[in-house]
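Hello,

Here is the structure we spoke about. Please look through it before you read my notes.

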Amino acid sequence: MTNNYIAGEWLPAAEASANINPSNTNDVVGEYARASAAETERAIDAAHDAFPAWSRSTIQTRHDILKAAGDEIHARKDELGRLLSREEGKTLLEGIGEVTRAGQIFHFFAGECLRMAGEKVPSVRPFVDVEITREPVGVVGLITPWNFPIAIPAWKIAPALAYGNTVVFKPAELVPGSAHALCEIIVRAGVPTGVFNLVMGQGSVVGEAMLNSPKVSAISFTGSVPTGRKVAERCITADPIKKVQLEMGGKNPMVVLDDADLKVAVESAVNSAFFSTGQRCTASSRLIVTDGIHDQFVAAMQERMQALVIDDALKAGTHIGPVVDQSQLDQDLKYIQIGQAEGAKLVAGGELVKREAPGFYLAPALLTEVSNGMRVARDEIFGPVATVIRAKGYDEALELANDTPFGLSSGICTASLKYASHFKRNSEAGMVMVNLPTAGVDYHVPFGGRKGSSYGPREQGHYAQEFYTTVKTAYIFDGNGP
């Protein structure tokens with residue numbers, strides 16, 4: 001059994017869960033410990049005790065640890081990418097790419113340690129100076145999802161440590177392998193005892209203990225909307241109140257106008273909707289296409305989808321791996337049926353696929369004749385299921401794009417600078433793409449959305465400091481007054 005890391009020790013647990021390869025359900029990646037509430041509380045206590053010293057550690061110390069972690073991640077990217085793809089199901093190329101990004105994130109925040117800055121401003125009063133500085137918030141609980149099992153942990157852990165916080169990290173129970181490997185790397189990088197703790201297990205146990213503890217100052221959560229709302233409510237009503245950051249769902253639109261380059265539009269749509277098996281919060285499952293190009297676009301999508309190779313994530317040449325587990329596969333199939341019952345037409349894919357080994361394989365599905373009021377156009381499916389919604393022109397397309405309770409990512413394919421500029425300004429999303437897939441973002445700039453997609457400060461880049469630090473304003477009499 002692979003153990004939790006608490007207070008500087010690798011500790012076994014009374015319970016464990018099997019980590020199953022979705023490409024081959026006969027393959028067990030490993031048995032991983034499930035932390036109890038008491039073990040989680042011990043991790044919180046360790047982080048609380050370690051905070052005073054770590055929060056006052058030198059910026060060089062923190063830089064060196066994060067830099068060393070990033071170096072090892074890069075050096076082992078092929079090995080770690082294989083582990084990631086084996087346990088989560090995204091293709092090996094995508095897995096290695098995600099690991100590479102995790103290393104880049106650690107290197108970026110190693111640099112942020114050395115870029116910590118404050119402000120000194122004049123006071124409105126004579127003989128008084130004003131200094132504005134940032135300080136760490138304390139013990140931070142990090143709860144991460146299964147769809148990016150190393151990149152999302154990296155973009156939470158690295159800034160938390162860079163800005164002087166201590167960490168209790170709970171990865172998704174479906175993908176503990178990547179989290180455990182990342183923890184081993186952080187430990188080898190030299191993080192002091194108690195500063196970083198890994199508690200694998202159930203959200204109802206580990207997450208609950210984090211929410212209950214008055215020693216946890218902040219929670220950063222990425223996951224479903226219903227759970228995110230509960231986390232926010234608990235944090236805001238806690239005593240003392242916890243700082244909270246949420247990244248939740250998306251129902252991201254991609255607008256395709258009559259003047260779009262058809263090849264660019266189709267490649268952007270296929271990438272957005274189906275790569276990583278559609279299991280990305282930035283995936284585009286609403287393809288809003290104007291009348292003049294609609295039929296041509298649908299035909300080109302059907303042709304392009306026929307060329308997609310659906311197979312074992314570790315096999316060379318695979319474009320689309322399996323869905324992550326049986327529960328997610330059942331949900332995808334259910335929504336395809338719901339869409340057809342609502343009047344949508346299934347024009348490509350949507351059937352189960354058999355391969356050499358048993359796995360959760362689903363041919364990406366394309367539904368046409370969809371209206372924006374249908375459930376398949378409203379609910380986040382989180383799988384390789386895309387809908388095509390017809391629009392009369394740009395104005396209606398923009399209206400449809402914004403008609404959603406979510407607001408994470410959006411995209412437009414057009415040759416018009418006028419429409420691209422207008423869409424960038426008027427799209428009700430936190431991130432906007434022009435002639436690019438809606439999924440796929442850089443690590444050094446802010447990530448986050450609006451409406452039901454996000455709550456609290458942005459993640460990634462320099463903007464991460466807004467969550468992981470608190471601002472202090474100091475007034476100093478300079479002693480030169482009368």
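This is a predicted model: local features need pLDDT of at least 70, side-chain atom pairs count only at pLDDT 80 or more; totals for chains, interfaces and linings use all residues.

Residues are numbered from 1 along each chain as its sequence is written, and side-chain values use heavy atoms, with hydrogens and water left out.

Cysteines: the structure holds 0 disulfides (a disulfide is a pair of cysteine sulfur atoms within 2.5 Å). For cysteine 113, the closest cysteine sulfur belongs to cysteine 183 and is 18 Å away, too far for a bond. Cysteine 413 is in no disulfide either, as its nearest cysteine sulfur, in cysteine 281, is 19 Å away.

Salt bridges: a search of the whole structure finds 24 (a side-chain nitrogen of Lys or Arg within 4 Å of a carboxyl oxygen of Asp or Glu). One of them pairs lysine 215 with aspartate 45, with the closest N and O atoms 2.8 Å apart. This pair links distant parts of the chain, 170 residues apart: lysine 215 is in the loop between α7 (203-212) and β10 (216-222), and aspartate 45 is in helix α1 (residues 37-55). Helices are DSSP runs of H or I with at least four residues, strands runs of E with at least two, numbered from the N terminus.

Arginine 34 forms another with glutamate 15, at 3.8 Å between the closest N and O atoms. Arginine 34 lies in strand β4 (residues 28-34) and glutamate 15 in strand β3 (residues 15-20), so the pair ties together parts 19 residues apart in sequence.

Regards
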